[in-house]
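Dear colleague,

My notes on what was found follow directly after it.

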Amino acid sequence: MTDLAAVKSALKNQAVETPSWAYGNSGTRFKVFAQQGVPRTPWEKLDDAAQVHAFTGVAPTVALHIPWDKVEDYAALAKHAEERGLKLGAINSNTFQDDDFKLGSVCHADAAVRRKAVGHLLECIDIMDATGSRDLKLWFADGTNYPGQDDIVARQDRLAEALAAVYERLGDDQRMLLEYKFFEPAFYTTDVPDWGTAYAHCLKLGPKAQVVVDTGHHAPGTNIEFIVALLLREGKLGGFDFNSRFYADDDLMVGAADPFQLFRIMYEVSRGGGFTSDVAFMLDQCHNLEAKIPAIIRSVMNVQEATAKALLVDREALGAAQVAGDVLAANAVLMDAFNTDVRPLLREVREEMGLDGDPIAAYARSGWAEKIVAERVGGQQAGWGA
């Protein structure tokens, strides 16, 4: 039987990190549609993130992206976050928006370009020191478009050399989280295309290097929960970038495409001890059409619902069915948990935390959306152009 008190306790202690860039304007390769009230500075992004945490109770940290969130005084930015009940989370590097990185960054054939890329990564660790952030998150757009364009093995050697230099600079309580994506923007080879490549590099580097699983970065049909289970077993799952996709791109609200997949992933996290370890649960999303803050609140709620269902799995009954070889009974245990309507449970959990049971409705009543539209006039909105 499931201990409901333990389930509620776990839900109350859950923490989902929101991404600063999700509060800004974003779009496709063709067009970015601006919205009124979008933050113009990292400070205003934190103001919006504080609203998400205020209405969900489980979004206490905000990831930064450098140079998108570059400021003169990072200690002051951390203090600004603290005053709003937040902390600064992972520092995300950017080695894909500079002209010098056209043919790669840390894997580039030119040593000068590689030095520039590594210098940026070391700068990100300096920012971690100033903000108290634990995690440096690395995603590389490096790769090739055509056979023969570059030496595949040499690029892996350059990658290993760069990662080693960055790893050496990490503090005792800091980590390097290496992300992977099987294609895009490179279409022939990608230098970190899958969890195996990321795992191999992290394994060689040491315990402070771990793998990030972005739920949108897999080929159709990939069993993501298997990857999660194996990385947890090996102690190499550093965190998640939660989002969703329907075709070949990602960054939609988590659980939008396949809520059952999200449930299966969260069950493996639960089974593998991920809720009581150092696994970071982060959103990585770009809200192109939908209003930013409500979309982020919805994503947090989707993670909560998948988590609640995963925690409701009757592990004792599941284990008994597995030992007995009863395939149907074992599957039924999982399906019973997935088909449970956990919304009343989560409403109860929120109310016990002193929150409104319906975060979306509570935010709509708060007047914050109208306030930022009226006040954020002039200046340049945060985001990226297309």
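To begin with the aromatic residues, Phe240, Phe242, Phe275 and Phe281 are linked into a cluster by ring pairs. Please bear in mind that the model is a predicted one.

The count of aromatic pairs comes to 13. One of them joins Phe96 and Trp139, whose ring centres are 5.3 Å apart; with the planes at 65 degrees, and edge-to-face meaning over 60, the pair is edge-to-face. Phe96 belongs to the loop between strand 3 (87–92) and helix 4 (111–131), while Trp139 belongs to the loop between strand 4 (135–138) and strand 5 (143–144), so this pair ties together parts that are 43 residues apart in sequence.

Phe182 and Phe183 form another edge-to-face pair, with ring centres 4.9 Å apart and planes at 70 degrees. Phe182 has a relative accessibility of 36% and therefore counts as partly exposed.

Aromatic rings also meet charged side chains. The ring of Tyr167 has the charged end of Lys208 over it, at 5.4 Å from the ring centre. Likewise, the charged end of Arg264 sits over the ring of Phe260, with 4.7 Å to the centre of that ring.

On the surface, a nonpolar patch is formed by Ile152, Val153 and Tyr188, which together have about 300 Å² of accessible area. Of these residues, Val153 is part of helix 5 (residues 152–169), and its relative accessibility of 55% makes Val153 exposed.

How many disulfides does a search of the whole structure find? The search finds zero. Cys202 is buried, with a relative accessible area of 0%. Cys286 also counts as buried, at 13% relative accessibility.

With kind regards

Note on methods. Residues are numbered from 1 along each chain as its sequence is written. This is a predicted model: local features need pLDDT of at least 70, side-chain atom pairs count only at pLDDT 80 or more; totals for chains, interfaces and linings use all residues. Side-chain values use heavy atoms; hydrogens and water are left out. A disulfide is a pair of cysteine sulfur atoms within 2.5 Å. Buried means under 20% relative accessible area, exposed over 50%, partly exposed in between (1.4 Å probe, protein chains only). Rings of Phe, Tyr and Trp (its six-membered ring) pair if their centres lie within 6.5 Å; planes under 30 degrees apart count as stacked, over 60 as edge-to-face and the rest as tilted. Helices (H or I, at least four residues) and strands (E, at least two) are DSSP runs, numbered from the N terminus. A charge sits over a ring if NZ of Lys or CZ of Arg is within 6 Å of the ring centre and within 35 degrees of the ring normal. Patches are made of residues with over 30% relative accessible area and no salt bridge: like charges are joined within 9 Å, nonpolar side chains (Val, Leu, Ile, Met, Phe, Trp, Tyr) within 5 Å. Accessible areas come from the Shrake-Rupley method with a 1.4 Å probe; for residues, only the protein chains shown count as cover. A salt bridge is a side-chain nitrogen of Lys or Arg within 4 Å of a carboxyl oxygen of Asp or Glu.
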